[in-house]
Amino acid sequence: MKIFTSAQIHELDKFTIENEPIKSIDLMERAARALTHAIATRWDNSTPVVVFAGPGNNGGDALAVARLLAEKDYKVDVWLFNISGHLSPDCAVNRQRLADCKKVHSMTMVTQEFDPPILDSTTLVVDGLFGSGLNKPLAGGFASLVKYINASPSEVVSIDVPSGLMTEDNAYNVRANIIKATLTLTLQQPKLSFLFPENQEFIGEVRTLDIRISSEGIAKTDAHYTILEEGDIRRILKPRPAFAHKGTMGHALIIAGSYGMAGAAMLATKACLRSGVGKVTAYTPRQNVMMMQVAVPEAVIMIGEETAFGEAVDTTDYQALGIGPGLGQSDATAIALIAQLRRTQCPMVVDADAINILSNRRAWLQQLPKGIILTPHPKEFDRLQGGCSDTYERLSKALDLAERLQGYVIVKGHYSALCLPNGHIQFCPTGNAGMATAGSGDVLTGIITALLARGYNQTEACALGMYLHGLAGDLAAAELGQESLMASDIIDYLPKAFKRLDD
């Protein structure tokens, strides 16, 4: 699914109007009918409705919704803000249509200061002040109105975007001046800012309404941001040949673990084995060997130094390398790591302590080979590239890093983001809060490493790996609950995740 910027959304509206063809006021009516249906499905007409409409097209949507709700016998009071004395053409048309509707309880045009209506727990507020075209923080009277709405006990439905929230970059926004919606009814496609954790308090529950924006226009418009869909993943899934054997299904190398961190090596290795690879060799310190052989008997164990990774390994016989989980950050390990990264010829995944080592030695980033995959969580990424004020800035830096390295950066989290060297970002929709647990990232490293060894290219391995990881977590949470989820549960549910995609 493509995610468009506010400028692209405006162009797609124009394309639909010109090529369907349809009048802009009729497209607005189509959107209003979808919005009204969604509201009426959730709140019956015993609920009093207060509509706040701005002077632009978002306000036009709100006025049309007010009229349609009134026609369904809702008690609707409307406040239309026209401080500048100018309404958009379609907003003006809907103002007149609303004035002609005899069933609307009241309509008040606000041109200066006003006394706001009482908003109690029985009232539904429809927020149609500002939509996706907003490009600066709300101030003055609009900021005061937003604070008043947020302080009330009323439930709030926002049309398209909560007023005050910008569709992409909110780094310089005033968070106190953004509507906190109970439900956001967004039109056609979710907005980029909806995918960021710091904005969840504003958007509430999100429903995406299809208003039949031109499919041709959507197909023609290049989007830098996309959300992966199950159909996308099914298309890249490789069938397992009937005459396959372990020698044709790839040999993966996992370099992980240090004294006291054997669990990280176990999780990465076991996840790798569960992800379809023919053979896995785990290189781990001598003190972890007994535990590894008991916990993961299917793996070949290569015995390293006594307590930590201290010497690079020849990767000639491997199709992929995963390195970093539980590795430790000693100077000796750091030297061995950069030697390993420089000499490895096969595709590789770099995670956890390997990333932390690079964070303390940023000059080494220049020595990383093209095609490398980095999988930091947000704090690891901030250590690597400097502090970030919000998710948008972090993703911008991650994209810049992917382009500079000609590599791949997965910033992990809800809606994990795969930043590609071509300037695009793919978001993963699977996964849940129960996966916020130690070892979850080690499992992802093992999955992606296995897929690389199986012959998937980096883009495919990252996308499929993220999706499978989240899907396995979702399947585990459905049976076990989020609170009790452990990283090993994700591995246990990988077979069901593969089976779902394969079916």
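1. Surface. The protein chain exposes about 21,200 Å², and carbon and sulfur atoms supply 51% of that area. Accessible areas come from the Shrake-Rupley method with a 1.4 Å probe, and for residues only the protein chains shown count as cover. This is a predicted model: local features need pLDDT of at least 70, side-chain atom pairs count only at pLDDT 80 or more, and totals for chains, interfaces and linings use all residues. Residues are numbered from 1 along each chain as its sequence is written, and side-chain values use heavy atoms, with hydrogens and water left out.

2. Of the 503 residues in the protein chain, 57% are buried (under 20% relative accessible area; exposed is over 50%, partly exposed in between; 1.4 Å probe, protein chains only). Among contacts (heavy atoms within 4.5 Å) with a separation of 6 or more, 73% are between residues 24 or more positions apart.

3. Overall build. The chain has 18 helices and 18 strands; these are DSSP runs, with helices (H or I) of at least four residues and strands (E) of at least two, numbered from the N terminus. The C-alpha trace spans about 80 × 45 × 40 Å along its principal axes.

4. Cis peptide. The bond from E20 to P21 is cis, with omega near -15°. P21 sits in the loop between α1 (6-19) and α2 (24-42).

5. Positive phi. A352 counts as buried because its relative accessibility is 12%. Q406, also not a glycine, has a positive phi of about 55° and lies between α14 (391-405) and β16 (408-411) in a loop. At 36% relative accessibility, Q406 is partly exposed.
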